[in-house]
Amino acid sequence: MQHTQERLGVSAVWGMLRESVSSTQEPSLAGLVGVFVEECDSFEASLAGLMAYKIADDCVSREDLAELFAEALAADPEILACAAADLLASVERNPAYPSVLVPYLFAKGFLGLQVHRVAHVLWRDGRQLVAMYLQSRVAEVFAMDIHPGASIGSGVFVDHATGVVIGETAVVGDDVSILQNVTLGGTGKESGDRHPKIRSGVLLAAGAKVLGNVIVGEDAKIGAGSVVLGAVPAGTTAVGIPARVVRSRTHDVPAESMDQTFDYMI
């Protein structure tokens, strides 16, 4: 399957955010958009401040978190590039968003995923305690629970976010769409590498559960409420409990089309 090869860069996405602010006609939100877009001189500074604002608590201040996030973004520019791709994916795949500004400021899935990206880098660098703190705050604030060990690609759209659970050894590829109440979990019996591997272009519909160290192939579609316990071939649709393949496709990328319909053609 052919995925989008050329994405707008960080500077272009930052320009889109600035342009969206200039067209905003809502005086009551002037302070919010001012602090996190108009008064920031870069996407990096804006995102660090926004994430800190969203998850700060009584024990860890907004200022300390903003510094932590800024350091992580500066040390690993790939986080920012992934954030830009995620933001574009959010707007392209959800017609409810009139501009990039809406998911940037308000979407739980987008914001929680960016905090996870920082937590993942910290986890990888041996800073497990602070990584787990960030995981905990994302769960509390955004109702999604992603272990900091999980590896997630770019251009990922997490829609609604509520109830999303992703385990420690899960791997999610590029250009994946994940809807509410999706679980990428273990079976409860394994140790070590025990979570799913989701290849690029996959659509995980609402309530889908993928359990164990199984592969969901590129451009596959997992139907709403399905429970996947074994490998799903690339370019197929799997539904049911336990899930079985009910259709093979050859043309679309489910994560991008967001088409959740299916039939029983083999």
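1. Buried here means under 20% relative accessible area, exposed over 50%, and partly exposed in between (1.4 Å probe, protein chains only). Helices (H or I, at least four residues) and strands (E, at least two) are DSSP runs, numbered from the N terminus. The model is predicted: local features need pLDDT of at least 70, side-chain atom pairs count only at pLDDT 80 or more, and totals for chains, interfaces and linings use all residues. Residues are numbered from 1 along each chain as its sequence is written, and side-chain values use heavy atoms, with hydrogens and water left out.

2. Helix 5 (residues 78-93) is mostly covered, with 12 of its 16 residues buried. These are Ile-79, Leu-80, Cys-82, Ala-83, Ala-84, Ala-85, Asp-86, Leu-87, Leu-88, Ala-89, Ser-90 and Arg-93. The expected span of a helix is 1.5 Å times one less than its number of residues. For helix 5 that gives 22 Å, and its end C-alpha atoms are 22 Å apart, which agrees.

3. Helix 4 (residues 62-75) has 14 residues and reaches 20 Å from its first C-alpha to its last, close to the expected 20 Å. Leu-65, Leu-68, Phe-69, Ala-72 and Leu-73 are its buried residues. They cover an arc of only 130 degrees around the axis, which puts them on the same side of helix 4; the arc is that of the directions from the helix axis to the C-beta atoms. The face turned away from this buried side carries the exposed residues Glu-63 and Ala-75. Among the elements covering the buried residues of helix 4 are helix 3 (43-55), helix 5, helix 7 (108-124) and helix 8 (128-142), where contact means heavy atoms within 4.5 Å.

4. In helix 2 (residues 30-38), the buried residues are Leu-32, Val-33, Gly-34, Phe-36 and Val-37. Their cover includes helix 1 (10-22), helix 3, helix 4 and helix 6 (101-106).

5. On a 1 Å grid over the protein atoms alone, a cavity is a set of points where a 1.4 Å probe fits but cannot get out, and a pocket is an open set with protein on both sides within 12 Å along at least five of seven lines; lining residues have an atom within 4 Å of a point. Grid points are joined across faces, edges and corners, and a volume is the space filled by probe spheres set on the points. The largest pocket has a volume of about 180 Å³. Helix 7 gives the largest share of its lining, 5 residues, and helix 5, helix 7 and strand 2 (151-152) each supply at least two. Lining residues include Cys-82, His-116, His-120 and Ser-151.

6. The count comes to 1 cavity of 30 Å³ or more. The largest cavity holds about 40 Å³ of space. Its lining consists of Val-115, His-116, Ala-119, Leu-134, Gln-135, Val-138 and Ile-146, and helix 7 and helix 8 each supply at least two of the lining residues.

7. Some backbone details deserve a check. Ile-241 and Pro-242 are joined by a cis peptide bond, with omega about -10 degrees; Pro-242 is in the loop between strand 14 (236-239) and strand 15 (244-248). Ala-143, in the loop between helix 8 and strand 1 (145-146), has a positive phi near 60 degrees and counts as partly exposed at 32% relative accessibility.

8. The loop between strand 11 (215-216) and strand 12 (221-222) holds Glu-218. Asp-219 lies in the loop between strand 11 and strand 12; its phi is positive, near 65 degrees. Asp-219 counts as buried at 0% relative accessibility, whereas Glu-218 counts as partly exposed at 32%.
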